[in-house]
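Visitor: Hi, could you walk me through this one? I'd like to start with the ligand and then look at some helix packing.

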Amino acid sequence: METTFLQDIKARYNIVGRDEKLNVALDTALQVARTDLSVLIQGESGVGKEIIPRIIHDNSLRKTKKYIAINCGSIPEGTIDSELFGHEKGSYTGAIGEREGYFGAADGGTLFLDEVGELPLTTQARLLRVLETGEYLRVGSDTPRRTNVRIVAATNVDIPNAIREGRFREDLYYRLCTINIQMPALRDRGIDSVLLFKLFAMNTASKYHIPEPIRLSAEGEQTVMAYKWPGNIRQLKNVVEQMSILEKGMQITPEVLYRYGIVAGQGESYAISRIGKTSSEGGRHDWENEIKWLANAVMKLRSEVDELKKHIISEHTTPQTPAPLQLEGQSIMEVPTMPVVAQETVQPLYIPTASMSTTPRHQFDDIEEVKEVESLNLEELEKRNIIRALQQSHNRRRVAAQQLGISERTLYRKIKDYGLEE
Ligand SMILES: Nc1ncnc2c1ncn2[C@@H]1O[C@H](COP(=O)(O)OP(=O)(O)OP(=O)(O)O)[C@@H](O)[C@H]1O
Ligand SMILES: [Mg+2]
């Protein structure tokens with residue numbers, strides 16, 4: 001049931017949707033707003049978690065005090081304790097002045113810890129202490145400070161799984177989720193996907209002065225509702241923006257949607273494929289095995305390059321005619337899964353051997369070249385895999401990091417190192 005209050009909240013925060021699960025989430029947020037209980041918001045990437053802490057703060061007795069939102073996943077591990085809890089002057093190299101930290105700055109207000117699942121374990125211990133005692137220590141200080149902060153946290157990580165894997169403290173989890181708010185996935189929200197489609201179509205048309213917003217045909221509506229939207233509302237918004245520009249004024253049919261990868265019944269959910277499901281279910285993509293396979297492939301590639309080195313050395317030390325290199329069809333190519341990366345990876349190995357026979361060279365040049373090729377291959381392999389994960393996750397770095405089995409922080413660094421920033 002939708003109360004007038006709920007309708008007002010939706011209007012005030014531009015929240016579109018009629019789904020009952022969405023209503024329950026908003027209603028819970030409103031009910032707990034006036035308490036000081038910690039809240040944990042869970043839900044897949046792109047479902048709209050970030051509006052909830054704002055609603056809680058604005059409807060709480062703390063609304064005149066500070067609201068500070070922090071993305072725990074984007075703060076480097078080396079400075080996160082100091083950013084959250086502050087530091088004393090000279091407490092570490094580079095700590096020129098003292099720093100108050102967000103827990104001090106938000107005193108009396110609300111602190112939104114987004115992507116809380118990304119917090120390092122040492123920071124989790126500090127967070128647990130402040131949640132339990134209201135006290136914290138600045139980095140480099142042993143004098144406890146008091147703070148009165150209400151914590152709202154959000155995550156798209158499967159925390160029980162992170163607990164099992166030793167990446168998240170169980171005691172902190174239970175302390176954080178005194179109140180648990182579950183934001184529903186778009187695929188489970190029925191007609192809401194169509195309502196949101198219309199909203200984003202209107203917004204984009206007005207933003208770019210397009211006379212007619214795009215509109216869905218009746219079959220198009222069915223397709224939008226039956227697609228699984230792995231990137232949820234964020235993905236829907238991106239797709240509608242693209243179509244609004246490229247299909248100006250068009251009626252959007254299943255055929256048009258198909259060109260944007262929107263097909264009824266399709267749209268693999270990374271969250272589902274990773275959380276609590278086995279790889280054999282529903283033919284979903286098995287990232288875990290793929291990553292294991294990739295690690296294996298890298299190992300094999302290394303041993304093949306070693307073989308190649310030995311071969312070149314023996315070629316230069318024995319005067320007979322060199323035998324052709326037999327890399328094709330070897331182990332790395334025979335692994336049945338993930339053929340794309342494997343083939344691309346093996347390919348560059350042929351380049352130096354081909355050039356060897358045509359160009360006069362110093363005998364050790366080839367060995368140096370193989371070394372180069374070896375590092376090129378491993379780096380290329382990693383780079384291509386990162387590009388692929390980013391493409392498949394529609395540039396959502398958190399999802400890409402999950403696919404690659406690395407932390408988001410590491411992915412950020414690698415994107416920078418490989419110059420893959422947009
Ligand atoms: N009900 C809604 N009505 C309109 N727009 C919405 C609604 N919910 C979410 N959005 C929009 O969807 C996008 C994704 O929302 P948000 O950033 O809150 O996702 P999230 O759950 O925090 O995802 P992540 O876990 O990846 O950070 C935002 O652009 C947001 O404005
Ligand atoms: Mg978010």
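**Around the ligand**

Visitor: Which residues come nearest to ligand 1?

Guide: Ser-45, Gly-48, Lys-49, Glu-50 and Ile-233 come nearest, out of 18 residues around ligand 1. Keep in mind that this is a predicted model.

Visitor: And by class, what does the shell around ligand 1 have?

Guide: There are six nonpolar, seven polar and five charged residues in that shell.

Visitor: Which helix gives the most to the shell?

Guide: That's helix H11, residues 232–246, with three residues. As for domains, domain 1 (4–184) and domain 2 (188–275) each supply at least three residues to the shell around ligand 1.

Visitor: Let's stay with H11. How do the axes of H9 and H11 cross?

Guide: The axes of H9 (residues 192–207) and H11 cross at roughly 45° and come within 9 Å. That angle is why H9 counts as oblique to H11. The crossing of H9 past H11 is right-handed.

Visitor: Which residues make that contact?

Guide: From H9, they include Leu-196, Phe-197 and Phe-200, and from H11, Ile-233, Leu-236 and Val-240 are among them. By class, the H9 and H11 contact has eight nonpolar, three polar and two charged residues.

Visitor: Switching topic: at what angle do H2 and H3 pack?

Guide: H2 (residues 20–33) and H3 (residues 51–58) pack at about 35°, their axes 8 Å apart. H2 also passes H3 in a right-handed crossing.

Visitor: Who makes the contact there?

Guide: On H2 it's Ala-25, Ala-29, Leu-30, Val-32 and Ala-33, and on H3 it's Ile-52, Ile-55 and Ile-56. That contact has eight nonpolar residues, no polar and no charged.

Notes:
Residues numbered from 1 in each chain as written. Chains lettered and ligands numbered in written order. Predicted model: local features only at pLDDT ≥ 70, side-chain atom pairs only at ≥ 80, totals over all residues. Near = placed C-beta within 6 Å. Helix = DSSP H or I, 4+ residues; strand = E, 2+ residues; numbered from the N terminus. Nonpolar A, V, L, I, M, F, W, Y, C, P; charged D, E, K, R; others polar. Domains from an automatic or database assignment. Axes fitted to C-alpha atoms, helices over the stretch in contact; angles between N-to-C directions. Parallel < 35°, antiparallel > 145°, perpendicular 65-115°, else oblique. Left-handed = near helix turned anticlockwise from the far one by under 90°. Contact = placed C-beta atoms within 7 Å.
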